Amino acid sequence: MNKFGTFFLFSLILWIPVTGLSQSFDMGEINGAKYKIYIPKNWNGGLVMYAHGYEEIGEEGEVFEEIVDDFMEIFTSKGYAYAASNYKKQGFIVKEGIDDTEALRAYFEQTYGRPDLCIITGHSMGGIISLATIEKYPELYDGALPLCGWLAPVYSLTKHSLDMLVSYDYLFGKNDGRIIDDEEFIEPEDIQFQLDKKPELAALFSANYKVRVDDLAEVVGFHQIVIKESVNWLGGLPSGNLQTIYSGFGDTDKEINKKIRRYKAQKNAQEYYIQNYTPTGELRDPVLALHTAYDEILPVFNYEYYDQLTKLNYTNDLYSQQYVLTEGHCEFSTEEVANVFDQLLAWIKTGIKPIRSNP
């Protein structure tokens with residue numbers, strides 16, 4: 001065990017050509033979490049830590065093998081080393097993502113030296129991890145680039161998921177709780193079949209949750225997976241709706257709050273997401289957040305929460321939001337991410353905050 005209290009189970013360093021540039025490739029495992037490190041031949045001494053997004057339990061490795069590598073060249077082509085952990089477990093695991101990413105950063109520093117400049121970035125859940133990490137370890141980073149994340153309290157995201165599921169169950173299902181309580185997953189095709197029966201009500205449901213009608217089935221299905229997985233490994237619901245008032249569904253509003261199913265949060269499960277993580281808005285380093293103008297999974301309005309939070313903490317001079325005119329969750333081009341990365345670098349070096357773009 002080294003000074004960081006970490007067992008390094010194995011480590012392999014190779015030299016491989018990538019897009020014409022030779023770079024070192026270090027892969028291994030730290031406390032059960034696989035990792036990858038790329039260091040370009042023309043390394044400028046900087047490091048980009050990458051936190052990957054949500055991966056469904058049982059599908060371990062897909063995100064790590066595909067997205068991590070695809071994203072790498074944006075940074076290594078500019079001379080930056082790049083490191084990513086696959087985390088020791090999958091699912092909606094913000095705490096483990098923060099801890100495993102920090103363990104990898106510490107390993108990088110011990111092995112290759114402290115980087116001259118260190119930035120953290122990540123997609124979706126990785127965007128949450130990026131923001132949480134730079135709030136927790138400001139002395140270790142120079143900036144953060146959260147991509148398509150949820151910059152409001154994570155508990156509010158689990159609450160958003162629960163509200164969508166229980167209202168779908170009441171409006172389109174049998175109001176029997178199966179979409180939350182049953183171990184079997186209701187397939188998106190079956191969800192779509194029920195939505196199609198009530199198109200006018202589906203339109204109201206769509207407007208209420210800021211998700212286009214055509215995306216509703218997939219989004220409801222996704223939130224079902226997140227909630228059911230969280231229940232399985234946390235031992236109960238992370239959020240409840242005992243005091244929630246539902247409205248916006250037309251004539252149904254007269255009865256929905258009398259008959260909709262009510263759930264109580266399990267205390268430990270709720271506390272996990274409150275602690276991991278609720279933003280503080282306390283910044284010491286620049287944070288540039290990027291989002292698409294329309295995101296069906298993590299609606300863009302959540303960025304406004306963090307913008308207001310930094311104003312309340314007098315740290316808004318260290319926070320900037322950028323948007324791209326694309327649709328879909330994390331649908332950024334390589335050029336768009338490279339552009340905001342350059343903006344963040346310039347901000348760190350000059351102290352001049354980028355001008356916010358509007359969709």
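The model is predicted, so local features need pLDDT of at least 70 and side-chain atom pairs count only at pLDDT 80 or more, while totals for chains, interfaces and linings use all residues. Residues are numbered from 1 along each chain as its sequence is written, and side-chain values use heavy atoms, with hydrogens and water left out.

Start with the overall picture. The chain's secondary structure comes to twelve helices and nine strands; these are DSSP runs numbered from the N terminus, with helices (H or I) of at least four residues and strands (E) of at least two. Of its 359 residues, 57% count as buried, meaning under 20% relative accessible area, with exposed set at over 50% and partly exposed in between (1.4 Å probe, protein chains only). Taking contacts with a separation of 6 or more, 75% of them in the chain come from residues 24 or more positions apart, where contact means heavy atoms within 4.5 Å.

Now for the helices. H6 (residues 188-197) packs with H8 (residues 216-234) at an angle of about 130 degrees, and their axes are 8 Å apart. Here, axes are lines fitted to C-alpha atoms, for helices over the stretch in contact, and angles run from 0 to 180 degrees between N-to-C directions. That makes H6 oblique to H8: angles under 35 degrees count as roughly parallel, over 145 as roughly antiparallel, 65 to 115 as roughly perpendicular, and the rest as oblique. On the H6 side, Pro188, Ile191, Gln192 and Leu195 meet Leu216, Ala217, Glu218, Val220, Gly221 and Gln224 of H8. Sorted by class, the residues of this contact are six nonpolar, three polar and one charged (Ala, Val, Leu, Ile, Met, Phe, Trp, Tyr, Cys and Pro count as nonpolar, Asp, Glu, Lys and Arg as charged, and the others, Gly among them, as polar).

Over at H4 (residues 154-171) and H10 (residues 267-275), the axes come within 7 Å and cross at roughly 130 degrees. H4 is therefore oblique to H10. Val154, Tyr155 and Thr158 of H4 make the contact with Gln270, Tyr273 and Ile274 of H10. This contact of H4 with H10 has four nonpolar, two polar and no charged residues.

Next come the rings. The structure holds 21 aromatic pairs; rings of Phe, Tyr and Trp (its six-membered ring) pair if their centres lie within 6.5 Å, and planes under 30 degrees apart count as stacked, over 60 as edge-to-face and the rest as tilted. Phe25 and Tyr38 are stacked, because their ring centres are 4.8 Å apart and their planes sit at 15 degrees. Since Phe25 lies in strand S2 (residues 21-30) and Tyr38 in strand S3 (residues 33-40), the pair ties together parts that are 13 residues apart in sequence. Both Phe25 and Tyr38 are buried. Phe75 and Phe341 have ring centres 4.8 Å apart too, but with planes at 85 degrees, so this pair is edge-to-face. Phe75 belongs to helix H1 (residues 62-76) and Phe341 to helix H12 (residues 334-350), so the pair ties together parts that are 266 residues apart in sequence. Phe75 and Phe341 are buried as well. Ring pairs link these residues into a cluster that includes Tyr50, Phe71, Tyr80 and Tyr82.

Finally, Glu56 is found in the loop between strand S4 (46-51) and H1. With 27% relative accessibility, Glu56 counts as partly exposed. Glu56 and Val226 are 170 residues apart in sequence, yet 8.0 Å apart in space, C-alpha to C-alpha. Leaving aside neighbours within four places in sequence, Glu56 is in contact with Gln90, Ile225 and Glu229.
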